[in-house]
Amino acid sequence: MIPHSATFDVNVSSSAADRRVDLRAEVMERTSIASSLAAEMYRLYARHYSDTTPRIFLRDLAGKTHVLVLKDAADRLIGFSTLQLYVSTAPRYPVRTIYSGDTIIDPSHWGSSALAFEWMRFAGRVYRQRP
């Protein structure tokens, strides 16, 4: 597992006024996520996308290796991105590729860069692990 979390103090604009929000982003192995988190991810996803079902969502999730989750200070799921780490071999060296699948951030937190920064940190950790 590649655990990592970070807290960001981010300005997020709302229609009423600017407010301060603490967001935590963490990449976890997909096999380590609890079914309750997967269900919460589906509910967030289904609120913003049509033509989905729990079966479709869980089948897609099962094909990924990692999940990047974004939570607020009250530990509520704000967003996520599913990730697939592919390892293959080029003619002379191994190659790692990160595919980002389903991604959603609750619209009330659009403008936050916490998820993007955690994605970049994860990519950096993958790069540093190269043989």
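Predicted model: local features only at pLDDT ≥ 70, side-chain atom pairs only at ≥ 80, totals over all residues.
Let's begin with helix α1, which covers residues 35-48. This helix has 14 residues, and the distance from its first C-alpha to its last is 20 Å, close to the 20 Å expected at 1.5 Å a residue. Now look at how its side chains are placed. Leu-37, Ala-38, Met-41, Tyr-42, Leu-44 and Tyr-45 are buried, each with under 20% relative accessible area. These residues cover an arc of only 165° around the axis, so they lie on the same side of α1. If you turn to the face away from that buried side, you will find the exposed residues Ser-35, Ser-36 and Arg-47.

Strand β3 takes in residues 66-72 and strand β4 residues 77-89, and the two pair in the antiparallel sense over six bridges. To get your bearings in this pairing, find His-66, which stands opposite Leu-83 in β4. β3 and β4 form a hairpin, with four residues between them. Within that turn, Asp-75 is worth a glance, as this residue has a positive phi of about 70°.

Strand β5, residues 94-105, runs antiparallel to β4, and ten bridges join the two. To put the strands together, then, β4 pairs with β3 through six bridges and with β5 through ten.

Key:
Residues numbered from 1 in each chain as written. Heavy atoms only, no water. Pairing = 2+ DSSP bridges. Expected span 1.5 Å × (residues − 1). Buried < 20%, exposed > 50% of the residue type's maximum accessible area, 1.4 Å probe, protein only. Arc of directions from axis to C-beta.
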